[in-house]
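Please keep the sequence and the model in view while working through the numbered points.

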Amino acid sequence: MTAPADRRMIEVSGTEALWLLEGSAQGRLVYIQREMAVVRPAAHVMEYGRLVVRAPVQAATIPGRALLTYQVDEIRSPSGTGWTVSAHGPADVLADPDEAAHYRRTLPGWAHGPHDTLLRLYPQEVSGFRLARTVNGAGR
């Protein structure tokens, strides 16, 4: 018979959080619209310390240099182990048509037309946690 296991969140360094973020391709964009948090699925790539995000959001809902949060995780079920990372900072809508065309070719999208937006997020805060299980009483 196995001992019951507890779930734990173990904070990772900023460097490890960035490494986890760079190694993933999909996450969730979080922004405020009409005083309510809105969460949308998104695809991303990290380049030159900036996060390029493609999400089903109307560009008009993202004011210039808006503060946005991007969240990525990999959680294994049913064990509940894995990791989660959040990046927060100002973002701009990509305006250059050639650059936008490049990312539309390389990042998959969920919508087309006015609800298909490319953003560049400048992470100022990146935090992450490993999600682990410990044998009852161990590691406390």
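1. Leaving aside residues up to four places away in sequence, L29 touches V38, V39, R40, A42, A55, V57, L68, T69, Y70 and L119; contact here means heavy atoms within 4.5 Å.

2. Basis of the model. This is a predicted model, in which local features need pLDDT of at least 70 and side-chain atom pairs count only at pLDDT 80 or more, while totals for chains, interfaces and linings use all residues. Residues are numbered from 1 along each chain as its sequence is written, and side-chain values use heavy atoms, with hydrogens and water left out.

3. The nonpolar cores. A nonpolar core is a set of buried Ala, Val, Leu, Ile, Met, Phe, Trp, Tyr and Cys residues joined through side-chain atoms within 4.5 Å. Buried means under 20% relative accessible area, exposed over 50%, and partly exposed in between (1.4 Å probe, protein chains only). The largest such core has 24 residues, and those with the most contacts inside it are L21, L29, Y31, L51, I62, L68 and Y70. At least two residues of this core come from each of α1 (14-22), β2, β3, β4 (50-55), β5, β6 and β7 (117-121). These helices and strands are DSSP runs (helices H or I, at least four residues; strands E, at least two), numbered from the N terminus. A second, separate core of seven residues includes L94, A100, Y103 and L107.

4. Is H44 buried or exposed? H44, in strand β3 (residues 36-47), has a relative accessible area of 4% and is therefore buried. Its side chain makes a polar contact with the side chain of Y70 at 2.8 Å and reaches the backbone oxygen of L21 at 3.1 Å. A polar contact is a pair of N or O atoms within 3.5 Å; within protein, one must be able to donate a hydrogen and the other to accept it, and residues adjacent in sequence count only if both atoms are side-chain atoms. Beyond four places in sequence, the residues that H44 touches include S24, Q26, V53 and L107.

5. Backbone features in loops. R34 and E35 both lie in the loop between β2 and β3. R34 has a positive phi of about 50 degrees although it is not a glycine, and E35 has a positive phi of about 60 degrees, again without being a glycine. R34 counts as exposed because its relative accessibility is 76%; E35 is exposed, with a relative accessible area of 82%.

6. A cis peptide bond. The bond from S77 to P78 is cis, with omega near 0 degrees. P78 is placed in the loop between β5 (66-76) and β6 (81-93).
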